[in-house]
Amino acid sequence: MSFRTFVAACLAGAALLVAGGARAEDRPADFSGAEMIFCRFPLAQVVALDGGDAWGVMYADTYGKLHLLRATERGWKLEWEITNLGAKVRRFFFCDLEADGTMEFVVATVSGRILTYSMETYAGLWENLEDRYQSIDAIDVENVDSDPQLEIVFIADNRLQIYDGATKSRQWVSSRDFSAGELLIENVDRDPQLEIILNSGIILDSRFLNVEVEWDKPFGDRIAVADMNGDGYPDVVGEFADYSIRVFDVYSRREVW
C-alpha cells in the first residue's frame with residue numbers, strides 16, 4: 001500500500017467517525033474522530049481552519065511535500081500545498097509562535113531548513129537563510145524561558161540550538177555535540193522548569209541548559225512522557241523498533257521497567 005493510499009484510507013475512516021451521529025451543519029468543525037486516528041502519526045495532524053469553524057488534515061508525503069486537505073460536506077478539498085521544500089519533512093507544528101494571537105505553521109526538513117508560514121494567508125514568513133545547516137535530526141517548539149513567545153529547539157549538525165520564536169534569532173547553541181532522533185520538552189522532575197529530553201538518553205534543564213541526566217543507553221526510538229509508577233512525577237516512556245517498551249524514572253534516576 002502506498003503512503004497516499006494509506007492516508008486516503010485514514011481520511012475515509014475519519015470522515016465516517018466524524019459524520020456518525022452529527023448534524024450536517026455540525027460536521028465540518030467536529031474533528032474529534034479524526035484526531036483519534038491521526039494522533040499516532042508524527043507527520044499527519046488535524047488542524048482547525050477558519051478560526052475553528054472548519055477543519056482539515058495536514059500530512060507530509062515521502063517526496064517532501066505537504067498537503068492540507070479541508071473537510072467539506074462533499075468530501076476532501078485540497079486547501080494548500082507546499083511542494084518546494086526539496087527534502088523530506090522532519091516534523092511540523094501548528095502554534096502561536098510569536099504569541100500575537102495568530103497561528104503559524106512551522107516545518108523543518110531533514111536537510112536543515114526551518115520555515116514558518118501564516119495560517120491565515122498561507123504566505124511564507126521566515127526561513128533560516130542566515131544560519132544554514134546540513135541536517136536537522138530532532139526538533140520541538142515550546143516556551144522554555146520567561147518571555148511570552150515560544151522557542152524553536154532543535155539539533156542541527158549535531159549541536160543543540162534554541163531560536164526565539166518572535167525575532168527568529170539564535171538564543172543559544174551547545175558547545176558539545178548531541179545526537180538524537182527525537183526530542184521532547186516536558187517537565188519530568190520536581191523543579192518548575194521544563195526539561196529538554198533527547199531519546200538518546202540525555203536530559204537537559206531548559207533554564208540553565210546543563211545536562212541533568214546522561215543515561216548509558218537510549219530511552220527509545222520514540223518517546224513520550226507519562227506518570228507510569230504513580231509517584232506524581234512524569235516518567236520517560238520509550239518504544240523501540242522491536243516493539244519493546246522501556247520506562248525511565250527521571251526523579252529517581254533509574255529504569256523502572
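Contact here means heavy atoms within 4.5 Å. The model shown is predicted.

View 1. R253 sits in the loop between β19 (245-249) and β20 (254-255). Setting aside neighbours within four places in sequence, R253 is in contact with E212, V213, W215 and F248. E212 lies 41 residues away from R253 along the chain, and their C-alpha atoms are separated by 9.8 Å. The side chain of R253 also reaches the backbone oxygen of V250, at 2.5 Å.

**View 2. The exposure of R253.** Its relative accessibility is 38%. Buried means under 20% and exposed means over 50%, with partly exposed in between. R253 therefore counts as partly exposed.

**View 3. The largest pocket.** This pocket holds about 1000 Å³ of space. Its lining has 36 residues, and F41, P42, R91, E182 and L184 lie nearest the centre. Several elements give two or more residues to this lining, among them α2 (32-38), β1 (44-49), β5 (89-95) and β9 (136-142). By type, the lining residues are 22 nonpolar, three polar and eleven charged.

**View 4. The second largest pocket.** Here the space is about 270 Å³. The lining is made of 17 residues. Nearest the centre of this pocket are A48, L49, G51, M103 and M119. Strand β1 gives the most to the lining, with five residues. The lining divides into eight nonpolar, five polar and four charged residues.

Notes: Residues are numbered from 1 along each chain as its sequence is written. This is a predicted model: local features need pLDDT of at least 70, side-chain atom pairs count only at pLDDT 80 or more; totals for chains, interfaces and linings use all residues. Side-chain values use heavy atoms; hydrogens and water are left out. On a 1 Å grid over the protein atoms alone, a cavity is a set of points where a 1.4 Å probe fits but cannot get out, and a pocket is an open set with protein on both sides within 12 Å along at least five of seven lines; lining residues have an atom within 4 Å of a point. Grid points are joined across faces, edges and corners, and a volume is the space filled by probe spheres set on the points. Helices (H or I, at least four residues) and strands (E, at least two) are DSSP runs, numbered from the N terminus. Ala, Val, Leu, Ile, Met, Phe, Trp, Tyr, Cys and Pro count as nonpolar, Asp, Glu, Lys and Arg as charged, and the others, Gly among them, as polar. Buried means under 20% relative accessible area, exposed over 50%, partly exposed in between (1.4 Å probe, protein chains only). A polar contact is a pair of N or O atoms within 3.5 Å; within protein, one must be able to donate a hydrogen and the other to accept it, and residues adjacent in sequence count only if both atoms are side-chain atoms.
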